[in-house]
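Below is a short note for a colleague who is new to this structure. The points are numbered and can be read next to the model.

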Amino acid sequence: MKSDIMSLIHESKPSLKEKLQPGVHGVTLDDGTIIINKNLSPVQQKVAESHERVHREQILRKDLSYDDDYVYWKGNKYPRKGMKEGFPKLEWEAEAYRKQSKK
């Protein structure tokens, strides 16, 4: 029951449109809020939002979390320093790229 409530809370979090750093299409915060780069085309925004929704699901499943220094994925700790965030071969990104909408 508690996980159902948490799922509803995460799913009801808003998707915001904001200016993000160049090359960043979207971000998912630990509270489930999704931020999409407002400078993307509508199609790119849709794809980015579907990608970030996968990260939201990963956070809800407790497979993914992060802080300023590390990404935590399925019990493993990865330093963010030098990491190419968003790189498709990172395990959490590979899942998101596989599941995101293509258009």
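1. His-55 is a place to begin. Leaving out residues up to four places away in sequence, His-55 touches Thr-28, Leu-64, Trp-92, Glu-93 and Ala-96, where a contact means heavy atoms within 4.5 Å. His-55 lies in helix 2 and counts as buried because its relative accessibility is 6%. Buried means under 20% relative accessible area, exposed means over 50%, and partly exposed is in between, with a 1.4 Å probe and protein chains only.

2. On the source: this is a predicted model, in which local features need pLDDT of at least 70 and side-chain atom pairs count only at pLDDT 80 or more, while totals for chains, interfaces and linings use all residues. Residues are numbered from 1 along each chain as its sequence is written, and side-chain values use heavy atoms, with hydrogens and water left out.

3. The protein has three helices and six strands. Their order from the N terminus is α-β-β-β-α-β-β-β-α. Helices (H or I, at least four residues) and strands (E, at least two) are DSSP runs, numbered from the N terminus. Of the 103 residues, 34% count as buried. Among contacts with a separation of 6 or more, 35% are between residues 24 or more positions apart.

4. How do helix 2 and helix 3 pack, and at what angle? Helix 2 covers residues 42–60 and helix 3 covers residues 91–99; the angle is about 130 degrees and the axes are 8 Å apart. Axes are lines fitted to C-alpha atoms, for helices over the stretch in contact, and angles run from 0 to 180 degrees between N-to-C directions. The two helices are therefore oblique to each other; angles under 35 degrees count as roughly parallel, over 145 as roughly antiparallel, 65 to 115 as roughly perpendicular, and the rest as oblique.

5. The crossing of helix 2 and helix 3 is right-handed, a term used if the near helix is turned clockwise from the far one by less than a right angle. Helix 2 contributes His-51, Val-54, His-55 and Gln-58 to the contact, and helix 3 contributes Trp-92, Glu-93, Glu-95, Ala-96, Tyr-97 and Lys-99. By class, four of these residues are nonpolar, three polar and three charged. Here Ala, Val, Leu, Ile, Met, Phe, Trp, Tyr, Cys and Pro count as nonpolar, Asp, Glu, Lys and Arg as charged, and the others, Gly among them, as polar.

6. Ser-50 is also found in helix 2. Ser-50 counts as buried because its relative accessibility is 17%. Apart from neighbours within four places in sequence, Ser-50 is in contact with Gln-100 and Ser-101.

7. Which residues form the largest nonpolar core? The seven are Ile-59, Leu-64, Val-71, Trp-73, Met-83, Leu-90 and Trp-92. Such a core is a set of buried Ala, Val, Leu, Ile, Met, Phe, Trp, Tyr and Cys residues joined through side-chain atoms within 4.5 Å. Beyond four places in sequence, the contacts of Val-71 include Leu-64, Met-83 and Trp-92, as well as Asn-76.

8. Asn-76 is in strand 6, residues 76–79, and is partly exposed at a relative accessible area of 41%. The C-alpha atoms of Asn-76 and Leu-64 are 9.6 Å apart.

9. Is Asn-37 buried or exposed? Asn-37, in strand 3 (residues 34–37), is buried, with a relative accessible area of 6%. Its contacts beyond four places in sequence include Glu-18, Val-24 and Gln-45.
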